[in-house]
Amino acid sequence: MAELDGGRDPAVSELQRLVAAEQQRAQFTAQVHNFMEVCWDKCVDKPGSKLDSRTEGCLASCVDRFIDTTLSITNRFAQVVQKGGH
């Protein structure tokens, strides 16, 4: 069998890539569920058939803060990685 990718079996490399992608997907899903739970607990006093404008605004702000924070952390991490971990 011909080995590529620095002497590694291409099928193994592809499997590792797929596993890593699935782990990222699972981590993202867990993160979304976590922030939904946090925002729900913070913003929803009593569930009903409709959200009032205050609750909608609170949920939107909570999600916006979560996204902004996640982007900030991701950008900072990328900067650290680019500088060689320092």
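Predicted model: local features only at pLDDT ≥ 70, side-chain atom pairs only at ≥ 80, totals over all residues.

Reader: How many helices and strands does the protein have?

Author: Helices are DSSP runs of H or I with at least four residues, strands are E runs of at least two, and both are numbered from the N terminus. Here you get two helices and zero strands.

Reader: What span should helix α1 have, and what do its ends show?

Author: The expected span of a helix is 1.5 Å times one less than its number of residues. Helix α1 covers residues 10–43, which makes 34 residues, so it should span 50 Å; its end C-alpha atoms are 49 Å apart, which agrees.

Reader: And what caps the N-terminal end of α1?

Author: A polar contact is a pair of N or O atoms within 3.5 Å; within protein, one must be able to donate a hydrogen and the other to accept it, and residues adjacent in sequence count only if both atoms are side-chain atoms. The cap is D9, with a side-chain oxygen 2.9 Å from the backbone nitrogen of A11.

Reader: Which residues of α1 are buried?

Author: Buried means under 20% relative accessible area, exposed means over 50%, and partly exposed is in between (1.4 Å probe, protein chains only). In α1, the buried ones are S13, F35, C39 and C43. Part of their cover comes from α2, residues 53–82, where contact means heavy atoms within 4.5 Å. Across the 86 residues of the protein, 10% count as buried.

Reader: Okay, disulfides next. How many are there?

Author: A disulfide is a pair of cysteine sulfur atoms within 2.5 Å. The whole structure has two. One joins C39 and C62, with sulfur atoms 1.9 Å apart. That pair links distant parts of the chain, C39 in helix α1 and C62 in helix α2, 23 residues apart. C39 counts as buried because its relative accessibility is 3%, and C62 is buried too, at 6%.

Reader: What about C43 and C58?

Author: They form a disulfide as well, with sulfur atoms 2.0 Å apart. C43 lies in helix α1 and C58 in helix α2, so the pair ties together parts that are 15 residues apart in sequence. Number the bonded cysteines in sequence order and the pairing reads 1-4, 2-3.

Reader: Last one: how should I read salt bridges?

Author: Side chains of opposite charge can pair when their charged atoms come close. The cut-off for a salt bridge is a side-chain nitrogen of Lys or Arg within 4 Å of a carboxyl oxygen of Asp or Glu. This structure holds three. R17 pairs with E14, their closest N and O atoms 2.8 Å apart, and R25 pairs with E22 at 2.5 Å. R17 and E14 both lie in helix α1, three residues apart, about one turn of the helix.

Reader: Why does that spacing work?

Author: An α-helix has 3.6 residues a turn, so residues three or four places apart point the same way. R25 and E22 are also three residues apart in helix α1. There is also a bridge between D45 and R54, with closest N and O atoms 2.9 Å apart. D45 counts as exposed because its relative accessibility is 63%, while R54, at 44%, counts as partly exposed.

Methods:
Residues numbered from 1 in each chain as written. Heavy atoms only, no water.
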